[in-house]
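Me: I would like to learn how to read a structure like this one. Could we take the features one at a time?

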Amino acid sequence: YGTRQARKPNVLAESSATAVSTKLAGIDYGTVRIGIALADAEVGIASPHATYTRGGEDADAAFFRKFVEDDAIVRLVVGLQVHLDGRESQKSAEARAFGKWLEETTGVPVVYIDERFTTAEANDLLSVPGMTNKRKKARRDQLAAQLMLAAYLESDRRGQTDPGAID
């Protein structure tokens, strides 16, 4: 008696306190709605997250600041609508301006990626019997963001240092 065992450290508590986030968010830019997808770069799987309905610059800033903080986002991937010949469209310029604003507002780095065909592919995936147009519309933007983010993750796995991004 009188001897005390040394207390074992709580490995889970210590590792979670020192863990570094590897969460990415895919952003499908729109003037009315913004589709958002999430992925952990370590796992490499993108998932639809939300469709945000824009509410003006102040409301948008508050939403995205809270979003990147709550979800520990370390990089934002913004999609650019590019013409078939590779030229950027007017929507690309708008998405770039939004991405710049997003980076300045949240402090999280932004990269850009070609999102050609993601909305069309999302529409194809949503063309299932019984799904109402209202429900399709609600999911289309976040599904497009998921497809774009998945493409970004896939190209990163192939070892590209700038995974299909347009800068």
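Predicted model: local features only at pLDDT ≥ 70, side-chain atom pairs only at ≥ 80, totals over all residues.

Me: How many bridges join strand 2 to strand 3, and in which sense do the two strands run?

Reply: In general, strands of a sheet pair through backbone hydrogen bonds, either parallel or antiparallel. Here strand 2 and strand 3 run antiparallel and are joined by eight bridges. One of the pairs to look for is Asp 40 with its bridge partner Ile 45 in strand 3.

Me: Which strands pair in the parallel sense over five bridges?

Reply: Strand 1, residues 23-28, and strand 4, residues 73-80, do. To find the pairing on screen, look at Ala 25, which stands opposite Leu 76 in strand 4.

Me: In what order do the strands of the sheet lie?

Reply: The order is 3-2-1-4-5, in an open sheet of five strands with mixed pairing. Strand 3 (45-53) and strand 5 are at the edges; each has a single partner strand, so one side of each lacks a neighbour in the sheet. From one strand to the next, the twist averages 25 degrees.

Me: Which helix packs on the sheet, and which strands are touched?

Reply: Helix 3, residues 90-106, packs there and touches strand 1, strand 2, strand 4 and strand 5. The direction of helix 3 makes about 165 degrees with that of strand 4.

Me: How do I describe two packed helices?

Reply: Two packed helices are described by the angle between their axes and the distance between the axes. Helix 2, residues 57-70, packs against helix 3 at an angle of about 60 degrees, and the axes are 10 Å apart. That angle makes helix 2 oblique to helix 3. The crossing is right-handed. Residues making the contact include Phe 64 and Val 68 of helix 2, and Trp 101 and Leu 102 of helix 3. By class, this contact has six nonpolar, two polar and three charged residues.

Me: How far apart are Val 111 and Arg 75 in sequence and in space?

Reply: They are 36 residues apart in sequence and 7.5 Å apart in space, C-alpha to C-alpha.

Methods: Residues numbered from 1 in each chain as written. Heavy atoms only, no water. Pairing = 2+ DSSP bridges. Helix = DSSP H or I, 4+ residues; strand = E, 2+ residues; numbered from the N terminus. Axes fitted to C-alpha atoms, helices over the stretch in contact; angles between N-to-C directions. Contact = heavy atoms within 4.5 Å. Parallel < 35°, antiparallel > 145°, perpendicular 65-115°, else oblique. Left-handed = near helix turned anticlockwise from the far one by under 90°. Nonpolar A, V, L, I, M, F, W, Y, C, P; charged D, E, K, R; others polar.
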